[in-house]
Amino acid sequence: MSASPASTAPEAEQPAGSGPGSRPRIPRVPFWVQIIVGLILGVLLGWLARSQDLGWLVTTLDEIGSLFVQLLKLAVAPLVFFAILVSITNLRQVNNAARLATRTLLWFMITSLIAVAIGLGIGLVTNPGSGTGLTPKDGALSETKGSWIDFLTGIVPDNVITPFTELNVLQIVFMAAVAGIAALQLGEKAKPILTFSQAVLELLQKALWWVIRLAPIGTVGLIGYAIADYGWDLIGKYATFTADVYIGCALVMFGVYPLLLATVAKVSPLQFFKGAWPAIQLAFVSRSSVGTMPVTQRVTERLGVPKEYASFAVPFGATTKMDGCAAIYPALAAIFIAQIFDVQLGIGDYLLIAFVSVIGSAATAGLTGATVMLTLTLSTLGLPLEGVGLLMAIDPILDMMRTATNVAGQALVPVIVAAREKILDHDAYDSASASPIDSFGDDAGRSDQDRDADRDDARDAVPATA
């Protein structure tokens, strides 16, 4: 005699692994906990390697951190190309695409101007270059240089291979933009290319996710080597400058951004950080805006920004929107270096710093980190480029907070523009949760229709309130 549905229901509702003979499941450690453990372990191993003079441990930490960064860089060139190409072609599905692109660029510039003003203000109040004990002799001429001529002439590549081999992101963006516009003009004839590009982009995002999952291990190597190589004594010399960068980035991220969300977008700032936190925490560890881009785009979509617009705004922002690297940091660094070299800066110099930060931020796309933007700022002001060498030792420590600020801004602007243009899904925004970063990996290889269906189901499951 068959069992009745009523009698089988309780068994069906039992969670997997809770039966009498089943083995207990090992609880899954949240990604943010793994990151914190990696940070703590890295600091301890770095201190141990330096205090006990363990050369083999220093080398091991360096190799681990370098390998993680190399894996991230491996995906950067093709990821940027196909992301920009696909994002431009996706704009044809959005009404007022030109208006959205213009508003996005305008808000990039507005937030950069606010960020550089905060950086200048903090630098003028704290005088980070005084009392450090550093002299011009401690500086070294940077191998990486940036100038307006190099910036303008370096946009167009000599061939299609070199930008990928030398990782010149700005030239890759140029080629991708040309290919995307040409695909729009071709219409249906370009459909096979677009289908192929979309498939490659999803493949790259899935592969990059595997690298992202290694971030806790990479953190151990990066932080450990920084402590073992530089030591606390060296970090102490840059204490004021380091504090200025972190305070400036914190004021922008947790002061300016929430104010813009509340007054301009008229949405909850707390809800924004709740939804965007997976991307912000990954950016802090990976120190790569482009490497974080797939997660940034996913959290932006979960915050209610239409996918067609988010797929344009986020890749565009990942290569040009740098409030941390291209606004706060160059402003503070210019003041720091000017004080070390005993150069007096005037009102005109501060206006030049603001101009370079707002107009030239795309120069940071040329190489990783903020070195190109800093050399561009110093050359514009006529400050010695040897000053770059003064900051190279402390750069990895600064880059974590700078990149977190960059990524937060890259998610912020699409939310503001979408809210102002009344295309923001407020139900999705209000229901966005601080999903564990693990869920993004499971989401990477699924189709857009499946993801949209899941989001609709989740939104429908939330009871309506009066």
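## Basis of the model

The structure is a predicted model, in which local features need pLDDT of at least 70 and side-chain atom pairs count only at pLDDT 80 or more, while totals for chains, interfaces and linings use all residues. Residues are numbered from 1 along each chain as its sequence is written, and side-chain values use heavy atoms, with hydrogens and water left out.

## Overall composition

The chain has 21 helices and 0 strands; helices (H or I, at least four residues) and strands (E, at least two) are DSSP runs, numbered from the N terminus. Of its 466 residues, 51% count as buried, where buried means under 20% relative accessible area, exposed over 50%, and partly exposed in between (1.4 Å probe, protein chains only).

Among contacts in the chain with a separation of 6 or more, 84% are accounted for by residues 24 or more positions apart. Contact here means heavy atoms within 4.5 Å.

Helix H4 (residues 97-126) contains 30 residues. From its first C-alpha to its last it reaches 44 Å, close to the 44 Å expected at 1.5 Å a residue; the expected span is 1.5 Å times one less than the number of residues. Just after H4, asparagine 127 takes a positive phi of about 50°.

The axes of H4 and helix H13 (residues 307-320) come within 11 Å and cross at roughly 35°. Axes are lines fitted to C-alpha atoms, for helices over the stretch in contact, and angles run from 0 to 180 degrees between N-to-C directions. The crossing is right-handed; a crossing is left-handed if the near helix is turned anticlockwise from the far one by less than a right angle, and right-handed if clockwise. H4 contributes Leu100, Ala101, Thr104, Leu105 and Phe108 to the contact, and H13 contributes Tyr309, Phe312, Ala313, Phe316, Gly317 and Thr320. By class, the contact has 8 nonpolar, 3 polar and no charged residues. In this classification Ala, Val, Leu, Ile, Met, Phe, Trp, Tyr, Cys and Pro count as nonpolar, Asp, Glu, Lys and Arg as charged, and the others, Gly among them, as polar.

In H13, 12 of the 14 residues are buried, so the helix is largely enclosed by the rest of the structure. The buried residues include Tyr309, Phe312, Ala313, Gly317 and Thr320. The end C-alpha atoms of H13 are 20 Å apart, in agreement with the 20 Å that its 14 residues should span at 1.5 Å a residue.

Leucine 100 counts as buried, at 2% relative accessibility. Leucine 100 and phenylalanine 312 are 212 residues apart in sequence, and their C-alpha atoms are 9.8 Å apart in space. Leucine 100 is also one of the contacts of glutamate 421, together with Arg99 and Arg103, when neighbours of glutamate 421 within four places in sequence are left aside. Glutamate 421 is found in the loop between helix H18 (395-420) and helix H19 (426-431), and at 17% relative accessibility it counts as buried.

## Helices H3 and H12

Helix H3 (residues 55-90) packs against helix H12 (residues 289-302) at an angle of about 60°, with the axes 8 Å apart. The two are therefore oblique to each other; angles under 35 degrees count as roughly parallel, over 145 as roughly antiparallel, 65 to 115 as roughly perpendicular and the rest as oblique. The crossing of H3 and H12 is left-handed. Leu72, Val76, Leu79, Val80 and Ala83 of H3 meet Val290, Gly291, Met293 and Pro294 of H12. These residues divide into 8 nonpolar, 1 polar and no charged.

## Alanine 408 in H18

Alanine 408 lies in helix H18 and is buried, with a relative accessible area of 0%. Apart from neighbours within four places in sequence, alanine 408 is in contact with Met253, Tyr257, Phe272 and Ile280. Alanine 283 is 125 residues from alanine 408 in sequence and 8.9 Å from it in space, C-alpha to C-alpha.

## Positive phi in two loops

Most residues other than glycine have a negative phi. Aspartate 53, in the loop between helix H2 (31-51) and H3, has a positive phi near 55° and is exposed, with a relative accessible area of 67%. Aspartate 342, in the loop between helix H14 (324-340) and helix H15 (347-359), has a positive phi near 55° and is exposed at 64%.
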